[in-house]
Amino acid sequence: MISKEYGNYTLICDICGVGSDEEYETFQDAADAGEDIEWKRKKIDGDWVDVCTDCIE
């Protein structure tokens with residue numbers, strides 16, 4: 001998921017809960033960064049989930 005805390009966005013894996021160390025100013029910046037670090041974003045049962053590289057396998 002992309003979470004907003006204190007005005008910044010962070011990536012958090014919806015499977016294991018690990019978060020990225022980086023913070024981003026916009027939701028789109030966080031989504032783009034997830035693609036850059038090869039996290040997968042997919043829709044499951046109508047909800048978007050973000051999955052880290054360790055959980056993709």
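Helices (H or I, at least four residues) and strands (E, at least two) are DSSP runs, numbered from the N terminus. With that in hand, let's take a walk through the structure, which is a predicted model.

Start with Asp45, which sits in the loop between strand 3 (40-44) and strand 4 (47-51). Its phi is near 50°, a positive value in a residue other than glycine. Asp45 has 77% relative accessibility, so it counts as exposed.

You'll find Tyr6 between strand 1 and strand 2 (8-11). Tyr6 isn't a glycine either, yet it has a positive phi of about 55°. And is Tyr6 buried or exposed? Its relative accessible area is 83%, so Tyr6 is exposed.

Ser3 counts as buried because its relative accessibility is 15%, and the cut-off for buried is under 20%. So what does Ser3 touch, once its neighbours within four places in sequence are set aside? The contacts are Asn8, Tyr9, Thr10 and Ile12.

**One salt bridge**

How many salt bridges does a search of the whole structure find? The answer is one. Side chains of opposite charge can pair when their charged atoms come close. Here the partners are Asp50 and Arg41, whose side chains meet at 2.9 Å, N to O.

**A patch of negative charge**

Now over to the surface, where Glu25, Asp29, Asp32, Glu35 and Asp36 gather in a patch of negative charge. One of these is Glu35, which belongs to helix 1 (residues 27-36). Glu35 counts as exposed because its relative accessibility is 60%, and exposed means over 50%.

**Accessibility side by side**

Here are the residues we've met, with their values.

| Residue | Relative accessibility | Class |
|---|---|---|
| Ser3 | 15% | buried |
| Tyr6 | 83% | exposed |
| Glu35 | 60% | exposed |
| Asp45 | 77% | exposed |

Methods:
Residues numbered from 1 in each chain as written. Predicted model: local features only at pLDDT ≥ 70, side-chain atom pairs only at ≥ 80, totals over all residues. Heavy atoms only, no water. Patch = residues over 30% accessible without salt bridge, like charges linked within 9 Å, V, L, I, M, F, W, Y side chains within 5 Å. Areas by Shrake-Rupley, 256 points an atom, 1.4 Å probe, with all protein chains shown as cover. Salt bridge = Lys/Arg side-chain N within 4 Å of Asp/Glu carboxyl O. Lys, Arg positive; Asp, Glu negative; His and termini not counted. Charge placed at Lys NZ, Arg CZ, Asp CG, Glu CD. Buried < 20%, exposed > 50% of the residue type's maximum accessible area, 1.4 Å probe, protein only. Contact = heavy atoms within 4.5 Å.
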